[in-house]
Amino acid sequence: MCGIVGYVGGRPAQGVVIEGLRRLEYRGYDSAGIALVDGGTIVSDKRAGKLANLEKAIGESPLPQVTTGIGHTRWATHGAPTDRNAHPHVSQHRRVAVVHNGILENFALLRAELEHAGVEMASETDTEVAAHLLERELETAPDLTVAMQRVCQRLEGAFTLVAVDALDPDRVVAARRNSPLVVGLGEGENFLGSDVAAFIEHTREALELGQDQVVTITREGVQVSGFDGSPAQGRQYHVDWDLSAAEKDGHDWFMRKEIFEQPRAVADSLLGRRGADGQLQLDEMRLSDQDLRDIDKIIIIAAGTSFYAGMVAKYAIEHWCRIPVEVELASEFRYRDPILTTDTLVVAISQSGETADTLQAIRHARVQRSKVLAICNTNGSTIPRESDGVIYTHAGPEIGVASTKGFLTQLVACYLLALYLAQIKGTRFGDEISQVMDQLDDMPGHVQTMLDKAEEVYALARDHVETRSVLFLGRHAGYPVALEGALKLKELAYIHAEGFAAGELKHGPIALVEEGLPVFCVVPPQGRDQLHDKMVSGIQEVRARGARTLCIAEEGDASIEPYADALITVPSVPVLLQPLVAVLPLQLFACELATLMGHDVDQPRNLAKSVTVE
Ligand code: M6R
């Protein structure tokens, strides 16, 4: 949500800022703007709609070639996505320009105070108050850094703020509380970004900031402090991916590129997990073996696709480790007064590591003194930083709003966690764990096998361009896959799509089935309890009522053929691991259908890649 860029250095700031905003487009936005500092004045332009609108406006009315600037892509919270409400917001006397991500919860009070003092508001946003407050603080503060520290002490809510002062052209000042911000460290230039994609083209050296910190960047350096002015330090790190990872690489969409990267992503997330002695090792775990042995309950918290990965994790952990697992939507978790003890392990799954609901949930858990483990893809993000341990998924940057390789690598991390707990707690023999690890090692190949069937899936998508409703059925580990398939279709094709546990059909959803309704059926592998046969009965029941059954089933499963209007086969793998291959046709289907429908697959309407407000 909202993309933020700041730059000070030797290059024309306009190019650096616009390019940075382009790389942050994936976060989701509905307006864009830029402000530059030009010899004692602020010049700015901001437009509703896509970045192209802003670029067109700048093309018609060029901005000066200066070397300090800030930019923003806005995902509207307070006030409609109009030119007026777009960021940057400029203070009353045009001394300060500000961009902001987050929500200033006490803005109404501050706005009333400013209006009382004679300030006329130019927008309906919460952000604008920050610009006016900074300008007023600058009447007494020695510089923008001190003004920012003072203003931040008055703000409530979540925010990343970045500001420039017309009278101090070589300084950009930013602050963060519960909202993402990273510093890019260059030579004779420095950068600010919502994430490293904003400046990856220029530097791979980054500085992670802590909570409630103010950072000042100049050409010469970076200075960090607390809101109270006390000196502080960020954590410097090297970004382990480069510009090519943030490019489409010949694909029409980042999402499609990311789908096809999944064999490598799965392999990378498995890399280095087995020690010389064959034992499973999780380097970033940080929780001691004794801590893990003491755990008597696990609560998994996550949102969206990550929540579905958590549902699969529940099946795996309970099966291999015999520890009770609850899976909870992060947004609901705090509000039900969950029972947490020091022996509860809370596992937070988040691709971005910045999802506000998940972050607040882990904070709640830590206050109750439960241990928190993050499963996360983004190095330097807030959730792993605030957790007791982390398993990084190593998927590489995920730019498409719809999560794909993020999901697959989360599944891998969940399996690894389950097996690791089984090893520590001794609930499985070493050779059983090794056997599953061997099966996981085969997964990149199986994922590739599924991607080789893309044309089959695209043909299916072509048959469904007129479709307005699709159901997805699954059982056991296939149930979260059904939910994920439905979510992908909702997000990208904007059509009614619902996932159900197949066993629930007769308890209501079957009433939705009518002639020609497409129903994706994720069929469990054969030969495990009655799971498979029950699913086959479910398929027969919907088909008898006119549904068009689109089945995803194990290769060689002859029992499905008579009841499948379309059949996509998946390699033969254990039921717990089947989500890794069964979800691929659903990703490809949603991506292709949305493309055929003319939708923006990478930036679906109303959505943001990382949801940084609650
Ligand atoms: O970054 P996170 O994994 O915490 O994000 C959680 C959800 O917002 C995310 O999975 C969302 O549902 C995706 N757009 C799904 O494709």
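Guide: A backbone N or O atom of Val401 lies 3.0 Å from a nitrogen atom of the ligand, which counts as a polar contact (a pair of N or O atoms within 3.5 Å). This is a predicted model, in which local features need pLDDT of at least 70 and side-chain atom pairs count only at pLDDT 80 or more, while totals for chains, interfaces and linings use all residues. Residues are numbered from 1 along each chain as its sequence is written, and side-chain values use heavy atoms, with hydrogens and water left out.

In the side chain of Ser352, an N or O atom is 2.6 Å from an oxygen atom of the ligand. On its own the ligand has 410 Å² of accessible area, and the protein covers 91% of that (Shrake-Rupley method, 1.4 Å probe).

Now the shell as a whole. There are 14 residues around the ligand, each with a heavy atom within 4 Å of it. Ser306, Ser350, Ser352, Thr355 and Glu491 come nearest. By type, the shell divides into 4 nonpolar, 8 polar and 2 charged residues; Asp, Glu, Lys and Arg count as charged, and Gly is among the polar ones.

Helices α9 (304-321) and α17 (478-493) each supply at least two; a helix here is a DSSP run of H or I with at least four residues, numbered from the N terminus.

Methods
A polar contact is a pair of N or O atoms within 3.5 Å; within protein, one must be able to donate a hydrogen and the other to accept it, and residues adjacent in sequence count only if both atoms are side-chain atoms.
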